[in-house]
Amino acid sequence: MNEKMKQNAVAFYKMAYEGNPRQATELYVGKEYIQHNPAVANGIEGFIAYFERMKKEYPKKSIEFVRVISENDLVALHTHQVWPDNDQYVTMDFFRFDKDAKIIEHWDSIQQIPKKSANKNTMY
């Protein structure tokens, strides 16, 4: 079940991020969708509206999945996102799944990758 949840989390986020959030929710979201990101309205329609707006405003953004970790009913995604003008972000998204491997809850954290660092390590 953990592998299926990991695959579903990546497929869901990639599909929504690349511009098809309605299909992503139809395929990968359960009966409810609890949203903890304060910039996104709660529920499925709030998620869809946010990602449809991002598609229109930032059509050339990209995402790379660096790590996918699962434990019990949770999956964590560690991603690298590149937005217009080479504006880069590291994100961590956490999804909770129901018994059918459908997403029912989401938390995230995002940090802009700075141009300068106090060390030589990457954020990955």
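Me: Buried means under 20% relative accessible area, exposed over 50% and partly exposed in between, with a 1.4 Å probe and protein chains only. What is the relative accessible area of T91?
Reply: This is a predicted model, where local features need pLDDT of at least 70, side-chain atom pairs count only at pLDDT 80 or more, and totals for chains, interfaces and linings use all residues. Residues are numbered from 1 along each chain as its sequence is written, and side-chain values use heavy atoms, with hydrogens and water left out. T91 is buried, because its relative accessible area is 2%.

Me: Which side chain makes a polar contact with that of T91?
Reply: Leaving out residues up to four places away in sequence, T91 touches L77, H78, T79, Q81, S109 and I110 (contact: heavy atoms within 4.5 Å). A polar contact is an N or O pair within 3.5 Å; within protein, one atom must be able to donate a hydrogen and the other to accept it, and residues adjacent in sequence count only if both atoms are side-chain atoms. At 3.5 Å, the side-chain partner of T91 is Q81.

Me: How many bridges join strand 4 to strand 5?
Reply: Strands pair if DSSP finds at least two bridges between them. Strand 4 (residues 87–97) and strand 5 form a hairpin with five residues between them. F95 stands opposite H106 in strand 5. The two strands run antiparallel, and the bridges number nine.

Me: Which residue of strand 5 is the bridge partner of I34?
Reply: Strand 1 (residues 29–35) pairs with strand 5 (residues 103–112) in the parallel sense, over three bridges. The partner of I34 is E105.

Me: What is the angle between the ring planes of F47 and F51?
Reply: Rings of Phe, Tyr and Trp (its six-membered ring) pair if their centres lie within 6.5 Å; planes under 30 degrees apart are stacked, over 60 edge-to-face, the rest tilted. By this rule there are twelve aromatic pairs. The centres of F47 and F51 are 4.7 Å apart, and the pair is tilted because the planes are at 45°.

Me: Is Y50 buried or partly exposed?
Reply: F47 and F51 are both buried. The rings of Y50 and F51 form an edge-to-face pair, with centres 5.2 Å apart and planes at 85°. Y50 has 22% relative accessibility, so it counts as partly exposed.

Me: Which atom of A39 lies 2.7 Å from a polar side-chain atom of N37?
Reply: N37 is in the loop between strand 1 and helix 3. N37 counts as buried because its relative accessibility is 14%. The atom of A39 is its backbone nitrogen.

Definitions and conventions. Helix = DSSP H or I, 4+ residues; strand = E, 2+ residues; numbered from the N terminus.
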